Number of protein chains: 2
Amino acid sequence: MNFSVSKSIEILERTPTVLTAMLQNLSPGFTSNNEGADTWSAYDIIGHLIHGEKTDWIPRMEIILSGKQDKTFEPFDRFAQFENSKGKSLEQLLDEFKTLRQKNMELLHAKKLTENDLAATGIHPAFGEVTLAQLLSAWTIHDLNHIAQISHWRRPPA
Amino acid sequence: MNFSVSKSIEILERTPTVLTAMLQNLSPGFTSNNEGADTWSAYDIIGHLIHGEKTDWIPRMEIILSGKQDKTFEPFDRFAQFENSKGKSLEQLLDEFKTLRQKNMELLHAKKLTENDLAATGIHPAFGEVTLAQLLSAWTIHDLNHIAQISHWRRPPA
């Protein structure tokens with residue numbers, strides 16, 4: 001299997017530090033920048049990552065590893081952050097993300113996943129059958145893509 | 001003028017911290033990853049950024065602000081890092097970049113650039129006339145693009 005949990009954890013566990021280095025104490029203009037109508041700002045993205053920690057990756061892992069008959073994942077709400085982030089500062093969101101990610105990494109370590117676990121499957125509501133290895137790999141790539149996006153969005157505002 | 005030096009400095013000065021958060025103590029497989037033949041690894045990129053601190057941005061600013069008749073920039077060597085980084089660890093390169101960038105930011109602050117300075121021009125060997133504002137903007141975007149690239153290259157190795 002071309003998938004290494006420990007390698008993914010190396011990336012996943014440092015994402016809060018990377019995002020904090022990129023965004024903390026930046027002038028507000030930067031972090032509310034987006035790429036036009038219906039695109040997300042850095043602030044929106046951190047809210048989206050928080051919602052992912054709570055409802056996406058780890059809960060889906062638990063479904064895959066459960067004894068349940070029906071292993072269909074709950075659909076992920078891509079717009080939950082617009083409600084959930086209300087009234088919170090970017091610093092608060094970064095802290096919240098850091099705490100949730102840390103807890104999830106501890107949980108992932110504690111699972112001591114075997115090759116059999118990684119080959120176990122669940123049903124993604126859009127993509128169909130996915131293995132746990134694919135889910136963890138997608139989680140990692142998802143982080144990397146959002147970091148790249150946010151890097152572009154830190155272009156100094158005109 | 002749509003260009004704010006202080007906004008660019010906000011981004012430029014935090015790049016060493018961002019890159020360190022992304023790369024420090026990662027397994028070697030990640031930082032020597034590239035995207036195939038003739039592409040650069042994260043290690044190559046840090047060497048490239050170091051060479052930029054030494055020979056590109058600030059030296060070109062000095063040419064623009066000089067009283068010289070001929071304000072043509074020296075061509076930038078895009079391959080210097082392959083020789084200059086030899087024998088150095090990634091941690092050494094990150095430290096070197098941090099020190100050079102910090103010195104250059106102090107220099108930039110000390111210049112107290114005026115609107116007239118920002119409108120002054122030099123001659124780019126490939127693109128022709130550029131203003132100091134354009135040069136500083138390009139420096140910032142150059143950072144952001146390499147951060148985004150490196151983020152993608154941190155995909156866990158197969």
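In the predicted model, the side chains of A:Asp56 and A:Arg60 meet in a salt bridge, with a nitrogen-to-oxygen distance of 3.4 Å, and both A:Asp56 and A:Arg60 are buried. A second pair in chain A joins A:Lys88 to A:Glu96, whose closest N and O atoms are 3.3 Å apart. A:Lys88 has a relative accessibility of 30% and therefore counts as partly exposed, since that class lies between the buried limit of under 20% and the exposed limit of over 50%. In chain B, a salt bridge is formed by the side chains of B:Lys86 and B:Glu83, again described by an N to O distance, here 3.4 Å. B:Lys86 counts as exposed because its relative accessibility is 57%, and B:Glu83, with a relative accessible area of 53%, is likewise exposed. Beyond these pairs, A:Glu53, A:Arg101 and A:Asp143 are linked in a network of salt bridges. Over all chains, the count comes to 14 salt bridges. Side chains of opposite charge can pair when their charged atoms come close.

Between chain A and chain B, by contrast, the count of salt bridges is zero. The elements that give two or more residues to the side of chain A that touches chain B are helix H1 (5-12), helix H2 (15-23) and helix H9 (132-153) of chain A. Of these, H9(A) provides the largest share, namely eight residues. When the residues on the side of chain A that touches chain B are sorted by class, 14 are nonpolar, 11 are polar and five are charged. The size of an interface is often given as the accessible area lost when the parts come together. For chain A and chain B, the area buried between them is about 2,500 Å², of which 62% is on carbon and sulfur atoms. In terms of contacts, 30 residues of chain A are in contact with 30 residues of chain B. The interface of chain A and chain B also holds 10 residue pairs in polar contact, counted where both residues are at pLDDT 80 or more.

Within helix H2 of chain A lies A:Pro16, a residue that counts as buried because its relative accessibility is 6%, the limit for this class being under 20%. When neighbours within four places in sequence are left aside, the residues in contact with A:Pro16 are A:Phe97, A:Lys98 and A:Arg101. A:Arg101 is also one of the residues in the salt-bridge network that includes A:Glu53 and A:Asp143.

A:Gly122 belongs to strand E1 (residues 121-124) of chain A, where A:Gly122 and A:His124 make up the covered face, whereas A:Thr121 and A:Ile123 make up the uncovered one. Strand E1 of chain A pairs with strand E2 (residues 128-131) of chain A in the antiparallel sense, over four bridges. The strands E1(A) and E2(A) together form a hairpin, with three residues between them.

Methods:
Residues numbered from 1 in each chain as written. Chains lettered and ligands numbered in written order. Predicted model: local features only at pLDDT ≥ 70, side-chain atom pairs only at ≥ 80, totals over all residues. Heavy atoms only, no water. Contact = heavy atoms within 4.5 Å. Buried area = accessible area lost by both parts, 1.4 Å probe. Salt bridge = Lys/Arg side-chain N within 4 Å of Asp/Glu carboxyl O. Polar contact = N/O pair within 3.5 Å; in protein donor to acceptor, adjacent residues only side chain to side chain. Nonpolar A, V, L, I, M, F, W, Y, C, P; charged D, E, K, R; others polar. Buried < 20%, exposed > 50% of the residue type's maximum accessible area, 1.4 Å probe, protein only. Pairing = 2+ DSSP bridges.
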